[in-house]
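Reader: I have a new model open and would enjoy talking it through with you. Shall we go through it piece by piece?

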Amino acid sequence: MEENNLQCSSVVDGNFEEVPRETAIQFKPPLYRQRYQFVKNLVDQHEPKKVADLGCGDTSLLRLLKVNPCIELLVGVDINEDKLRWRGDSLAPFMGDFLKPRDLNLTITLYHGSVVERDSRLLGFDLITCIELIEHLDSGDLARFPEVVFGYLSPSMIVISTPNSEFNPLFPSVTLRDSDHKFEWTRMEFQTWALYVANRYDYSVEFTGVGEPPAGAENVGYCTQIGIFQKNGGKATEACVSEQHDQHVYKARQGLTMLPRLVLIFHPQAVLLPHLPQMLRLQVFTTSYPSLQQERFFKLVLVNEVSQQVESLRVSHLPRRKEQDGEWGDKPKDIGGSKAPVPCFGPVFTEVEKAKIENSPKPFCVGDKFFVPLQRLLAYPRLNRLCANEEMMRSVIADSIPLSSDGSAVVADLCNYFDEQFEF
C-alpha cells in the first residue's frame, strides 16, 4: 500500500472525482480486486457448485469465478439493467473453451431484479455473495434483505462485504465513499447487525476484511469489512428446496440466449434455425460451456489425446527401424519402448507413473503397421484420467481411429510421407 498526493474522491476503488488535493491512500492491488480475490480464495477452499452474486454490477466477480473448475452454476442478479446489457460477450465461451473443455458443465445466467425479491430460481445454492451491496439499500430494503437472503434463499454460505466507516477519516474529504450509499457502518454496527441476523436464521458468522490500514493506524481495522456466514447443519436439503413453490419475479434480460460462438460460426443453419422459436421465448440471459460431461466434447478430446499419444510413440520408435535387419514380415515384433518416453517438451512423469507405463504392454509392429495396445494408452496419466477402462476407450474411439481386428490396439502406418521428407 502506498500514499501519494493526488486528486480523487473514491480513492478506494479508483472512481475518480475532484476533491481537494490531499494525501490519499492507494491499495495494491486495488481494493475491489482484493474483495474479488477474497471470494475466489473462499471458492477454492470450499468448492461450491452453485454460486450467485447479488448486486453483480458489471459482472467482474462472475468473470473471475467462471474459470473455477468446481462451479457448475453461476448466477448474477442486479437492479441496474444497463450494467447487465452488454456483459454477455465477456461471460460466453471463447475458442479456448472449446479446444480444452472443462471437466464439469458450467451454466452462467444473469437476472435483472431486486435482491429483496423472492425468486425460487436461487434456491438451493451453496454460496451467495453480496459484495459492497447492503450499503446501497434504503431502510425498507435493508429490513427485507435478511428475510429474503437468509430466510428464503437460505444458502449454505453467505459472504457480505461493506465499507468500514472507521477507515474513512484516513481518506481525503470522504464522508460516504459513494454518492449512492445510504449508510456506512462501523465495525461494531456491522457486527451487531450480522450477529443478530445469524442468530435469527440459524447461521454462524466470522468477521474479517481486506484493505489493511497504514502503519500507525491499525486501530481502525480493514477498509472493507467482511462477514462470512455459514448455515448451521450445512446445506439445506433438497426436500426443503422442493417444497418451495416456483416463484419467478426477476425480470428477464431481453435478447436471445447466448449460443457458443464456434457452433454459430461453423453450423449457423443446422443449429440456429431449428431452435429459433425456442430461443425467442428464452428471455433470460444464459450461456453454457463445453465440458467433458457432454458426449460430443468428450469424444473430441479423447480421440485427439489418443491420436497425439500414438503419434508420439510412433515417431519415437522410427529410428529403431534402421537398426532392424531385413523386413519385419507378418510376425509381431516388439520394437522396444520398455522405457517410458519423456520428450524434452512433453509431460514430465512421476516415478510411479513411469513404472506404470513401463509395466504396460509395449507397442509392436506387424509389417508396416504400428500397433499401440489400449492398455498401454491407459497407462498414460492424461488418458487414464479421461477413461476408466479399455472397454470405455474402445467404444468411444472405434469409429474415429483404426483398431486391430480384436479391438485391443490402435493401428497406424509405421511410416508416412513426412517421415520420408525428414529422415530420422
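Reader: Which helix holds Glu 81?
Author: Happy to start there, and please keep in mind that this is a predicted model, where local features need pLDDT of at least 70, side-chain atom pairs count only at pLDDT 80 or more, and totals for chains, interfaces and linings use all residues. Residues are numbered from 1 along each chain as its sequence is written, and side-chain values use heavy atoms, with hydrogens and water left out. Helices (H or I, at least four residues) and strands (E, at least two) are DSSP runs, numbered from the N terminus. The run covering residues 81-85, with Glu 81 in it, is helix α3.

Reader: Is Glu 81 buried or exposed?
Author: The classes rest on relative accessible area: buried is under 20%, exposed over 50%, and partly exposed in between (1.4 Å probe, protein chains only). Glu 81 has 18% relative accessibility, so the residue counts as buried.

Reader: How far is the C-alpha atom of Glu 81 from that of His 112?
Author: Along the chain these two residues are 31 residues apart.

Reader: Which residues are in contact with Asp 78, leaving aside its neighbours within four places in sequence?
Author: Asp 78 belongs to strand β4, residues 73-78, and with 8% relative accessibility it counts as buried. Contact here means heavy atoms within 4.5 Å. With those neighbours set aside, the list for Asp 78 reads Gly 55, Cys 56, Gly 57, Leu 84, Tyr 111, His 112 and Gly 113.

Reader: How far does the backbone nitrogen of Cys 56 lie from a polar atom of the side chain of Asp 78?
Author: Cys 56 is among the contacts of Asp 78. From the backbone nitrogen of Cys 56 to a polar atom of the Asp 78 side chain, the distance is 3.3 Å.

Reader: How many disulfides does the structure hold?
Author: A disulfide is a pair of cysteine sulfur atoms within 2.5 Å. Cys 415 is in no disulfide, and the nearest cysteine sulfur, that of Cys 365, is 8.6 Å away. For the structure, the number of disulfides is zero.

Reader: What is the geometry of the pair formed by the rings of Phe 150 and Phe 229?
Author: A pair of aromatic rings is described by the distance of the centres and the angle of the planes. Rings of Phe, Tyr and Trp (its six-membered ring) pair if their centres lie within 6.5 Å; planes under 30 degrees apart count as stacked, over 60 as edge-to-face and the rest as tilted. The structure holds 15 such aromatic pairs. With centres 5.0 Å apart and planes at 75°, the rings of Phe 150 and Phe 229 are edge-to-face.

Reader: How many residues apart in sequence are the parts that this pair ties together?
Author: Phe 150 is buried at 1% relative accessible area, and Phe 229 is buried at 0%. Phe 150 lies in helix α6 (residues 139-153) and Phe 229 in strand β9 (residues 224-231), so the separation in sequence of the parts tied together is 79 residues.

Reader: Which cluster do ring pairs link that includes Phe 190 and Trp 193?
Author: Phe 190 and Trp 193 form a stacked pair, 6.3 Å centre to centre with 20° between the planes. Both sit in helix α7 (residues 187-200), and because they are three residues apart there, about one helical turn separates them. Ring pairs link the cluster of Phe 145, Phe 183, Trp 185, Phe 190, Trp 193 and Phe 207.

How values were computed
Polar contact = N/O pair within 3.5 Å; in protein donor to acceptor, adjacent residues only side chain to side chain.
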